[in-house]
Amino acid sequence: MKRLKNESPNSRKFRLSHFLFGVGVLYLIFLSCNFTKFLKIVSTLSGDDETDIRLDGIAIGVSEDADLTKPFVSAVYKDAFHRKLEDNRDLGAPSRPKEEPKKEEDHERDRGGEFVKDNPHGYGRITGDVMMRMNQTSDLSVLEKMADEAWTLGLKAWKEIEMVVVDDKEFGESSIIEEGKIESCPSWISMTGEELLKGDGLMFLPCGLAAGSSITVVGTPHYAHKEYSAQLAKLRKGDGLVSVSQFMFELQGLKSVEGEDPPKILHLNPRLKGDWSKRPVIEHNTCYRMHWGTAQRCDGRPSEDDDGMLVDGFRRCEKWMRSDIIDSKGSKTTSWFKRFIGREQKPEVTWPFPFTEGRMFVLTLRAGVDGYHINVGGRHMTSFPYRTGFTLEDATGLSVKGDLDVHSIFATSLPTSHPSFSPQRVLEMSDTWKASALPKHPIRLFIGVLSASNHFAERMAVRKTWMQAAEIKSSDVVVRFFVALNPRKEVNAVLRKEAAYFGDIVILPFMDRYELVVLKTIAICEFGTKNVTAAYIMKCDDDTFIRVDTVLKEIEAVPPEKSLYMGNLNLLHRPLRNGKWAVTYEEWPESVYPPYANGPAYVISKDIVDFILSQQKDRKLRLFKMEDVSMGMWVERFNHTMSTVQYSHNWKFCQYGCMEGYFTAHYQSPRQMVCLWDKLSRGRARCCNFR
């Protein structure tokens, strides 16, 4: 653009400088307006907010080696998957006012100091009177009703334990108790499509799989609405696209606890029209404790032939026809050169995508030495390597979901002996793994491990690995499992026998529920101060591996007079209002959570624990179904009303999986636990393979 003759260069530069100056002024104004918000974010870590909390839990704690001269634990717990809170949009969340409710009648107020008119019952007061009020639950909150029901069912289940006999002879055999009968293990199973529908799309494999086992599924993908003639007519006339069928096959394990889905040992998902790729794909994955692993996708491109990409000598992904794959000039030159030097040229055969609407297929899933192999129509299509943490025997069910008409299923070459998840085979009744009696002297650290009644393998893995640390064997650190009851009385009977033998389980007589996990955390707090005298208390899950010596060093780096809250801290996370893990406004009226440490592992000092228990006794402890968020609330209130808390954050308290140089590693299967302990014993704190 040409400059006008009467416009001087200085005038143009002058206007540009004015523009830049104006932008700078606006930027400074913006900073000044948002600086207070920045200060509020920083202040949350120093505890400027406070929380009005209420809960007065009461339960019965049972520990086989507990000191009878000390009060037993009087709270309750449940092992659960701690929700994955990863909403990264929370940095713009509004801060909450600082006013603290002064009066007892103000306990119906939310944390922002405003009355919650639509929540007349507050946040849930779980008291001894509430628990005993079995027939008066009409005016209780949802969480109170859950606790009341779980308590009632738990007391009933506790009485039923006395009626179930588990003989010592049975305990050592390779069969499990199923309603008093010895479960058989057939070598083959067949099922028709009608039978599969009656079973909600699930085929039970009593004893799992073995190397060489195979499952053959004969089926036909149908259109999503089964309107074959109308859909095909539309296709012929070109009047529009039809809805495409989606289906999946899953090898599932045993369900862990209520509120969790069964682990998915193999997730096989053929997508006829792809997803974001818009092309046919086959996806494999696993899911453990409701946490998905890394997906493997096959999209028509063959995987490499190097040893690292082969599974029992088969490619992970075979090639099928794709219109967008055209041989490049380089590949044609290479082909010409091979012919010129006389090397034999083998023709490459590719096949179409093996699944089509309305066309029947025969799929065979075979268990090899290194992984699963999927053949369709007699041709190998994909292979999926076994992931650490799952054994073939864990695959106790085949689930078929989606738009698929199943004609028949055949499972052959099945194992005839029961799998290793059976408590009778997992529990090694050896004095080596027994816990020492509770010490009379004060200890440095008490570790409470949240576990589920049927997590026998997880507890044995902990006993045989990091519970063998020198600090624990010398009684300088004490570890106990906290377990609630199972709906199956046989599982509870075996649990009681396990507790009696190993002496490291605190049985809490209420029925296990995900929503009541917070009550079990209080049980850990009480046990750590009343049954033992611990300077610090650590909470973790039974799939968390702990480097005890390293955690102790981190604790000792903090001055002893400081109140400590240590872990992988989250700041200003927002509650999810939609989806499976949604939190209602009645449950959590605030827009953000307080600073809290992720649930798989965190440490608090004794003075904070004493404060929590005193608030519980006075029925002022606020209750929320997510125990890690609840702990963040309680610590925040202590920080604001009692003493300044040192919030110690470190990513090495790993929330998902394991990282090099870890302090704790979450989502570790029993096999990974053993692997981590083996490496740690050799002086190398390195991670093992992921699932």
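**Close-up views of a predicted model**

**View 1. The side chains of His284 and Thr382 are joined by a polar contact of 3.0 Å.** In this predicted model, His284 belongs to strand E9, which covers residues 281-288, and with a relative accessible area of 0% His284 is buried.

**View 2. A disulfide joins Cys298 to Cys317, with an S to S distance of 2.0 Å.** The torsion about this S-S bond is about -65 degrees, and the disulfide is therefore left-handed. Cys298 is placed in strand E11 (residues 296-298) and Cys317 in the loop between E13 and H7, and the pair links distant parts of the chain, 19 residues apart.

**View 3. Six residues, Phe247, Phe249, Trp320, Phe353, Phe355 and Phe361, form one aromatic cluster.** The structure as a whole has 22 aromatic pairs. In the pair of Phe247 and Phe355, the ring centres are 5.6 Å apart and the planes stand at 75 degrees, which is over 60 degrees and so makes the pair edge-to-face. Because Phe247 lies in strand E7 (residues 247-252) and Phe355 in the loop between helix H7 (329-340) and strand E14 (361-367), this pair ties together parts that are 108 residues apart in sequence. Phe355 also pairs with Phe361, their ring centres being 5.0 Å apart and their planes at 85 degrees, so this pair is edge-to-face as well. Phe247 is buried, as are Phe355, at 5% relative accessibility, and Phe361, with a relative accessible area of 4%.

**View 4. In two places the charged end of an arginine sits over an aromatic ring.** The charged end of Arg463 is 4.0 Å from the centre of the ring of Phe502, while that of Arg547 is placed over the ring of Tyr662, 5.5 Å from its centre.

View 5. Most residues other than glycine have a negative phi. Asp312 is found in the loop between strand E12 (310-311) and strand E13 (314-315) and is partly exposed, with a relative accessible area of 26%. Tyr667, by contrast, is buried at 1% relative accessibility, and its place is in the loop between strand E27 (664-665) and helix H16 (670-681).

**View 6. Two disulfides, Cys658 to Cys687 and Cys675 to Cys688, involve helix H16 or the segment after it.** The link of Cys658 and Cys687 has an S to S distance of 2.0 Å and is left-handed, with -85 degrees about the S-S bond. Since Cys658 lies in the loop between strand E26 (645-649) and E27 and Cys687 in the segment after H16, the pair ties together parts that are 29 residues apart in sequence. The link of Cys675 and Cys688, with an S to S distance of 1.9 Å, is left-handed at -95 degrees; Cys675 lies in helix H16 and Cys688 in the segment after H16, so the parts tied together are 13 residues apart in sequence. Cys658 is buried at a relative accessible area of 10%, Cys687 at 12% and Cys688 at 7%, whereas Cys675 is partly exposed at 27%. The structure holds four disulfides, and their pattern, with bonded cysteines counted along the chain, is 1-2, 3-4, 5-7, 6-8.

Technical notes:
Residues are numbered from 1 along each chain as its sequence is written. This is a predicted model: local features need pLDDT of at least 70, side-chain atom pairs count only at pLDDT 80 or more; totals for chains, interfaces and linings use all residues. Side-chain values use heavy atoms; hydrogens and water are left out. Rings of Phe, Tyr and Trp (its six-membered ring) pair if their centres lie within 6.5 Å; planes under 30 degrees apart count as stacked, over 60 as edge-to-face and the rest as tilted. Helices (H or I, at least four residues) and strands (E, at least two) are DSSP runs, numbered from the N terminus. Buried means under 20% relative accessible area, exposed over 50%, partly exposed in between (1.4 Å probe, protein chains only). A charge sits over a ring if NZ of Lys or CZ of Arg is within 6 Å of the ring centre and within 35 degrees of the ring normal. A polar contact is a pair of N or O atoms within 3.5 Å; within protein, one must be able to donate a hydrogen and the other to accept it, and residues adjacent in sequence count only if both atoms are side-chain atoms. A disulfide is a pair of cysteine sulfur atoms within 2.5 Å.
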